[in-house]
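Hello,

Here is the structure I promised to pass on to you. Have a look at it first, and then read on for what turned up in it.

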Amino acid sequence: MTHDPQTVRALIVDDDPVSRRWLGGCLARDGIVCTEACDAASAKQALARAEHDVVLLDLFLGSGASGLDVLTWLRGRLELDHVGVIIVSANAGDESAVALA
C-alpha cells in the first residue's frame with residue numbers, strides 16, 4: 001500500500017454521520033484525503049485495506065466495540081505503528097478521554 005507522500009490520509013471513525021462529514025469537510029479544505037468508518041469493524045477493515053497516516057477516533061461508537069477497543073487493536077499491529085491517533089469525543093467531561101491525555 002503506497003500513496004503520494006505529499007498527501008495526508010485520515011480515517012475518521014465516528015458513529016455520528018454529521019460529525020464524520022463535518023470533520024471530513026474541515027480536513028479536506030486543507031487537502032487531507034479522508035475515509036470514513038462508522039464502527040469498530042469498518043475501521044479495522046479500512047485500516048487493513050488502505051494506508052492511513054492518522055485516525056480521528058471517537059471514544060463512543062454506539063453498539064459494539066468502543067474507540068478504546070479500536071485503539072488497543074491498532075496499537076497491537078506492528079504494521080500500523082506509524083499511524084497517529086487523535087481521540088475525539090463530543091462528551092467534554094468524559095473521564096476516559098481525560099485518562100488518555
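A word on naming before anything else: helices, which are H or I runs of at least four residues, and strands, which are E runs of at least two, come from DSSP and are numbered from the N terminus. Please keep in mind that this is a predicted model.

With that naming, the protein has four helices and four strands, and along the sequence they follow the pattern β-α-β-α-β-α-β-α. Of its 101 residues, 33% count as buried. Among contacts between residues at least 6 apart in sequence, 66% join residues at least 24 apart.

The sheet

The four strands make an open sheet with parallel pairing, in the order β2-β1-β3-β4. β2 (33-37) and β4 (84-88) each have a single partner strand, so they stand at the edges, with one side of each left without a neighbour in the sheet. From one strand to the next, the twist averages 20°.

Going through the pairs, β1 (residues 9-13) runs parallel to β2 and is joined to it by five bridges; Ile-12 stands opposite Glu-36 in β2. Four bridges link β1 to β3, again in parallel, and here Val-13 has Leu-57 as its bridge partner. β3 and β4 then pair in the parallel sense over five bridges, where Leu-57 stands opposite Ile-87.

Helix α2 (residues 40-49) lies across β1, β2 and β3 (54-58), and runs at about 165° to β1.

The largest pocket

The largest pocket holds about 190 Å³ of space. Twelve residues line the pocket, and the closest to its centre are Asp-14, Ser-19, Asp-58, Ser-89 and Ala-90. Which helix gives the most to the lining? That is α1 (residues 17-28), with three residues. By class, the lining has five nonpolar, four charged and three polar residues.

Best wishes

Key: Residues numbered from 1 in each chain as written. Predicted model: local features only at pLDDT ≥ 70, side-chain atom pairs only at ≥ 80, totals over all residues. Heavy atoms only, no water. Pairing = 2+ DSSP bridges. Axes fitted to C-alpha atoms, helices over the stretch in contact; angles between N-to-C directions. Contact = heavy atoms within 4.5 Å. 1 Å grid on protein atoms, 1.4 Å probe; cavity = no way out; pocket = protein on both sides within 12 Å on 5 of 7 lines; lining within 4 Å. Points joined across faces, edges and corners; volume = space filled by probe spheres on them. Nonpolar A, V, L, I, M, F, W, Y, C, P; charged D, E, K, R; others polar. Buried < 20%, exposed > 50% of the residue type's maximum accessible area, 1.4 Å probe, protein only.
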